Amino acid sequence: MPPPVNRTMSASEWAMLLSLSVLWGGSFFFTRVALSALPPLTLVLLRVGLAALILNAVMPLLGLRMPHTARAWAAFFGMGLLNNAIPFCLIVWGQTHIASGLAAILNATTPLFTVVAAHVFTSDERMTGNRLVGVLIGLVGVAVMVGPAVLAGLGTDLLAQVAVLGAALSYAFAGIFGRRFRRMGIPPLATATGQVTASAFMLLPLVLVADRPWTLPLPGASVWGAVVGIAVLSTALAYVLYFRILATAGATNLLLVTFLIPVSAILLGSLVLGERLAPQHFIGMALIGCGLAAIDGRVWAFSQQRRRIPPEMYQGRDI
């Protein structure tokens, strides 16, 4: 039996989470370019399919072998369904009807769903007051950062909004489901490889029927560059980090990345594209930072520890 997950993430786990948010935040740039010439479902298949080819090629180079048991591949297909096939399709369809900013806010409910699901289905990720408060503060921060204007569409195209919320719920259950790979002794690289491989097999028939990709015009070099970027960086590398964090820090901590993705996307837009940062962006980032600090718990624990130290103990100490 592996040890319980870390309730408070280490510095290296926070660094991996920030890196993951940058990789997934950068996917917005690649997606914007690729969708100029490719249908959404075809792009999703190319994303997971190319990532699967890359990871399957890397595995033997590192001396690793994929598990061949039916139990392992059933878990890979379950993870691929919950973490890729269902949410990708729901989000792609939902974003054809609602603004991307509203979709980002709805997707940021993932940690809230995860806190509740982890409390019900796990024994070592129980809900605490600071975690729930932190998740709610982070959700408000995402809404503020994306901007109040997108909330004007709240209530219209209800089915599309439910679809994006369904994707967030699916991501939450994927985080809980993915914990089993640690117990099965499957390393993060093999888990990432198996998941994207299973996702590609599941999505292939859907794309062949819906998009008929052989009838599409051949994309240009910039589109193929974007496809390679989203497959290599935002999928293959990102999922290796995803399963590494999940194995040690748990689903609740891992899916805090949905708060950080809008931050990374906006900061990358400012640095790479020269987009201007507005006051609401800084306010939203500050709220997200406060929410993450509340979930982490160390600031609260330190303040409580200081309260328990008698005032006379402060004399002669730099605290």
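Does Gln195 count as buried or exposed, and at what relative accessibility? Here are my notes, with that one settled first.

1. **Gln195.** At 0% relative accessibility, Gln195 counts as buried (buried means under 20% relative accessible area, exposed over 50% and partly exposed in between, with a 1.4 Å probe and protein chains only). You'll find Gln195 in helix H10; helices here are DSSP runs of H or I with at least four residues, strands are runs of E with at least two, and both are numbered from the N terminus. Leaving out residues up to four places away in sequence, Gln195 touches Phe76, Met79, Gly80, Asn83, Asn84, Tyr239 and Phe243. Touching, or contact, means heavy atoms within 4.5 Å.

2. **What you're looking at.** This is a predicted model, where local features need pLDDT of at least 70 and side-chain atom pairs count only at pLDDT 80 or more, while totals for chains, interfaces and linings use all residues. Residues are numbered from 1 along each chain as its sequence is written, and side-chain values use heavy atoms, with hydrogens and water left out.

3. **The whole chain.** Count up the secondary structure and you get 14 helices and zero strands. Of the 319 residues in the chain, 48% are buried. Look at contacts with a separation of 6 or more: 89% of them are between residues 24 or more positions apart.

4. **H10 against H11.** Back to the helix that holds Gln195. The axes of H10 (residues 188-210) and H11 (residues 221-254) come within 8 Å and cross at roughly 125°. An axis is a line fitted to C-alpha atoms, for helices over the stretch in contact, and angles run from 0 to 180 degrees between N-to-C directions. H10 and H11 are therefore oblique to each other (under 35 degrees is roughly parallel, over 145 roughly antiparallel, 65 to 115 roughly perpendicular, and the rest oblique). On the H10 side, the contact is made by Pro188, Leu189, Thr191, Ala192, Gln195 and Val196, and H11 brings Thr235, Tyr239, Val240, Phe243 and Arg244. Sorted by class, that contact has seven nonpolar, three polar and one charged residues. For the classes, Ala, Val, Leu, Ile, Met, Phe, Trp, Tyr, Cys and Pro count as nonpolar, Asp, Glu, Lys and Arg as charged, and the others, Gly among them, as polar.

5. **H6 against H8.** The contact of H6 with H8 divides into 11 nonpolar, two polar and no charged residues.

6. **The core.** What is the size of the largest nonpolar core? It has 72 residues, and those with the most contacts inside it are Leu20, Tyr242 and Phe259. (A nonpolar core is a set of buried Ala, Val, Leu, Ile, Met, Phe, Trp, Tyr and Cys residues joined through side-chain atoms within 4.5 Å.) H11 gives the largest share of this core, 12 residues. Click on Tyr242: not counting residues up to four places away in sequence, Tyr242 touches Leu20, Trp24, Met79, Asn83, Ala174, Gly175 and Leu254.

7. **Ile230.** One last stop, in helix H11. Ile230 is buried, with a relative accessible area of 1%. Ile230 and Leu23 are 207 residues apart in sequence and 8.6 Å apart in space, C-alpha to C-alpha.
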